[in-house]
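Entries follow in the order I checked them.

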Amino acid sequence: MKLLFILRHGDSVPGSPGNDKERPLSKEGQKEIKHLRKQQLDIFDTIDLVLCSSSIRTRETLACLMKGLPDRITIRYIDALYHASADIILEEVGFVEDKFQAVLVIGHNPGITTFMAQICQQQGLAVDKAMRTGEMAEFSISKKDWQRLKENDLKFIRLLSSKA
């Protein structure tokens, strides 16, 4: 069974308009992601591909996770994931080669929350809040391949929090 994890980056330093992509993680954001890594080490050990937005805060989120990720992991930084819509996130996941079994996408709101909400809504599950920084949604994939992936091929499993 293939798995998809969608992670909202850790809390970031407030920025001024025009430099949003350059905002780093805050100290709190670093703590959030390190806590998530410690709590979910078994999950991070299964991941073999990371699709990461090209922003500084998503790159730093990945850097905080790296101590918990296997050496064999493949990492791709994708500009299209910077503030991507739910449709773009699904499209980027659809480009993944079949050799990968567990994919982690690190991105931004509102696209991350919209992605999760659309999948949950199809399953009759209500999502009444936005994903907080450092939260990760887990999905199983009913298809054997990633190509032509559609929302109804995904099943929401759980939402994992980075909060202690």
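**Terms and ground rules.** I call a residue buried under 20% relative accessible area, exposed over 50%, and partly exposed in between (1.4 Å probe, protein chains only). Helices (H or I, at least four residues) and strands (E, at least two) are DSSP runs, numbered from the N terminus. This is a predicted model: local features need pLDDT of at least 70, side-chain atom pairs count only at pLDDT 80 or more, and totals for chains, interfaces and linings use all residues. Residues are numbered from 1 along each chain as its sequence is written, and side-chain values use heavy atoms, with hydrogens and water left out.

**Helix 3.** I looked up which residues of helix 3 (residues 56-65) are buried. They are Arg 57, Thr 58, Thr 61, Leu 62, Cys 64 and Leu 65. Seen down the helix axis, these fall within an arc of 160°, so they line one face of helix 3. The arc is that of the directions from the helix axis to the C-beta atoms. An α-helix has 3.6 residues a turn, so residues three or four places apart point the same way. Next I asked what the buried residues of helix 3 pack against. The partners are strand 1, helix 1 (27-39), helix 2 (41-44), strand 2, strand 3 and strand 4. Contact here means heavy atoms within 4.5 Å.

**Helix 4.** I ran the check on helix 4 (residues 86-93) as well. Its buried residues are Ala 86, Ile 89, Leu 90, Glu 92 and Val 93. They fall within an arc of 160° about the axis of helix 4, so they line one face of it. Their cover includes strand 1 (2-8), strand 2 (49-53), strand 3 (74-78), strand 4 (102-107), helix 5 (111-122) and strand 6 (154-160).

**Strand 1.** Phe 5 sits in strand 1 and is buried, at 1% relative accessible area. Setting aside neighbours within four places in sequence, I find Phe 5 in contact with residues including Ile 43, Ile 47, Val 103, Val 105 and Met 136. Leu 7 is also found in strand 1. Its relative accessible area is 0%, so I count Leu 7 as buried. Beyond neighbours within four places, the contacts of Leu 7 include Leu 36, Thr 61, Leu 65, Leu 104, Ile 106, Ile 112 and Met 136. Thr 61 and Leu 65 are among the buried residues of helix 3.

**Strand 6.** Ile 157 lies in strand 6. Leaving out neighbours within four places in sequence, Ile 157 is in contact with Leu 3, Glu 138, Phe 139 and Ser 140.

Most residues other than glycine have a negative phi, and most peptide bonds are trans. I noted the exceptions below.

- Asn 109 and Pro 110 are joined by a cis peptide bond, with omega about 10°. Pro 110 is in the loop between strand 4 and helix 5.
- His 83 is not a glycine, yet has a positive phi of about 50°. His 83 is in the loop between strand 3 and helix 4 and is partly exposed, at 40% relative accessible area.
- Arg 148, also not a glycine, has a positive phi of about 55°. Arg 148 is in the loop between strand 5 (136-141) and strand 6, and counts as exposed at 60% relative accessibility.

**Whole chain.** I then stepped back. The protein has 5 helices and 6 strands. Along the sequence the pattern is β-α-α-β-α-β-α-β-α-β-β. The radius of gyration is 15 Å, close to the 15 Å of the globule rule for 164 residues, so the protein is as compact as a globular protein of that length. That radius is taken over C-alpha atoms, and the rule is 2.2 Å times the number of residues to the power 0.38. The C-alpha atoms fill a box of roughly 40 × 35 × 30 Å along the principal axes. Buried residues make up 52% of the 164. Of the contacts with a separation of 6 or more, 75% join residues 24 or more positions apart.
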